[in-house]
Amino acid sequence: SPGAVKSAFNDCRNVKSFKNFNGRDGRRGSFCTTRLGGDWVLAESEQIAPSCTCEQVLDVYLDGRLQKKWSPDKVIDVKTTLHHHQQAKNNRNFESASYPYYRQDLVLHSQRVITSRTGIMRYSQRILVDKIGIGDYCAFVQLDPDQSSTTTTKKPFNTLSVYVGLQQQGKDVKIYAAGVFEVNRKVVPNLIVFDASGIAGNMAGKGTLWLSGHFHELKASAASVGGMLHGRARTVVDSFTHA
């Protein structure tokens, strides 16, 4: 469960390290970034997506167009495709098993590093999705080893493992994300202080808080439309009442 995963990191960071965040672009929630030593970083975030289901959050999370919309300064393009991976059940050559996964091919804007730039960065990640219980989900994200030939040398991180947990809480969905990254020092040198706004922490740090922002936007739009329809209905009623 998301709670169990979050508790597993209590030995390396204090729960009070989470900071509330409300961005000008609508991102909202809390985040925490912890340096684990060497080139390794732990980035976490928590948020509430209002008036939706876990399935709807998952669809939005996998939508590359929305990722580009919410991070135009970092993302050039994201393409999500469904694939099936063949894996042998054991070493006795029994019938192989196939499991589905999503592949995201990302193209990121060039980032400035000291006095130079990284150039456009490309990499692919593999996303496995599991349904838990009746309506909860979790996703596990890693770099796709089968796409290493199309990956640029200056990508944000050398390795990554990201967990995303979705829990239905009434009409809302609670989202917890935790990512462990090995920072690519060709992009994030040692002399740069790394925090949650950095490239490598963007996946599970502040960057994912756009999910909450997206559903808050949808809720506000629905309320606005509902208010307009209610006002028009009231005008029609009043016109008949005073006729």
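Trainee: Where should I begin with this protein: what share of its contacts with a separation of 6 or more comes from residues 24 or more positions apart?

Mentor: Residues 24 or more positions apart make up 59% of those contacts. Keep in mind that this is a predicted model. The protein has 4 helices and 11 strands, and 40% of its 243 residues count as buried.

Trainee: How do I read a pair of strands, and which sense do β8 and β9 take?

Mentor: In general, side chains in a regular strand alternate between the two faces of the sheet. For the pairing itself, look at the sense and the bridges. Strand β8, residues 121–132, and strand β9, residues 136–143, pair in the antiparallel sense over 8 bridges. One example is V129, whose bridge partner in β9 is A139. The hairpin of β8 and β9 has 3 residues between the strands, and G133 takes a positive phi near 70° there.

Trainee: What does C138 touch, once neighbours within four places in sequence are left aside?

Mentor: C138 lies in strand β9. Leaving those neighbours aside, C138 is in contact with L128, V129, D130, I132, Y163, V164 and G165. Is it buried or exposed? At 15% relative accessibility, C138 counts as buried, because the cut-off is under 20%. The C-alpha atoms of C138 and Y176 are separated by 9.5 Å, and these residues are 38 apart along the chain.

Trainee: How many bridges join β1 to β2?

Mentor: There are 4 bridges between β1 and β2, and the strands run antiparallel. N22 stands opposite R28 in β2. The hairpin of these strands has 5 residues between them, and G26 takes a positive phi near 110°.

Trainee: How do I read aromatic pairs, and how many does a search of the whole structure find?

Mentor: A pair of aromatic rings is described by the distance of the centres and the angle of the planes. The search of the whole structure finds 5 aromatic pairs. One of them is F21 with F31, an edge-to-face pair at 6.1 Å centre to centre, with 85° between the planes. F21 lies in strand β1, residues 19–22, and F31 lies in strand β2, residues 28–37, so this pair ties together parts 10 residues apart in sequence. F31 is buried, with a relative accessible area of 11%.

Trainee: What are the values for Y123 and F157?

Mentor: Y123 and F157 form an edge-to-face pair, 5.4 Å centre to centre, with 75° between the planes. Y123 lies in strand β8 and F157 in strand β10, so the pair ties together parts that are 34 residues apart in sequence. Y123 is buried at a relative accessible area of 6%, and F157 counts as buried at 2%. Y123, F157 and F181 form one aromatic cluster.

Trainee: A charged group can also sit over a ring. Which ring face does R126 lie over?

Mentor: R126 lies over the face of Y101, at 4.2 Å from the ring centre. Another case is K6, which lies over the face of F18 at 4.7 Å from the ring centre. R126 is in strand β8 and counts as buried at 11% relative accessibility. The side chains of R126 and D146 are joined by a polar contact of 2.8 Å. Leaving aside neighbours within four places in sequence, R126 has contacts including H85, Y99, Y102, F140 and P145.

Trainee: How do I read a helix, and which residues of α2 are buried?

Mentor: List the buried residues, then look down the axis. In helix α2, residues 54–61, the buried residues are C54, V57, L58, V60 and Y61. Down the axis of α2 these residues fall within an arc of 165°, so they line one face of the helix.

Trainee: What does H214 touch, not counting residues up to four places away in sequence?

Mentor: H214 touches V60, L66 and W70. H214 is in helix α4, residues 210–241, and is buried, with a relative accessible area of 9%. V60 is also among the buried residues of α2.

Definitions and conventions:
Residues numbered from 1 in each chain as written. Predicted model: local features only at pLDDT ≥ 70, side-chain atom pairs only at ≥ 80, totals over all residues. Heavy atoms only, no water. Pairing = 2+ DSSP bridges. Helix = DSSP H or I, 4+ residues; strand = E, 2+ residues; numbered from the N terminus. Buried < 20%, exposed > 50% of the residue type's maximum accessible area, 1.4 Å probe, protein only. Arc of directions from axis to C-beta. Contact = heavy atoms within 4.5 Å. Phe/Tyr/Trp six-rings, centres within 6.5 Å; stacked < 30°, edge-to-face > 60°. Lys NZ or Arg CZ within 6 Å of the ring centre and 35° of its normal. Polar contact = N/O pair within 3.5 Å; in protein donor to acceptor, adjacent residues only side chain to side chain.
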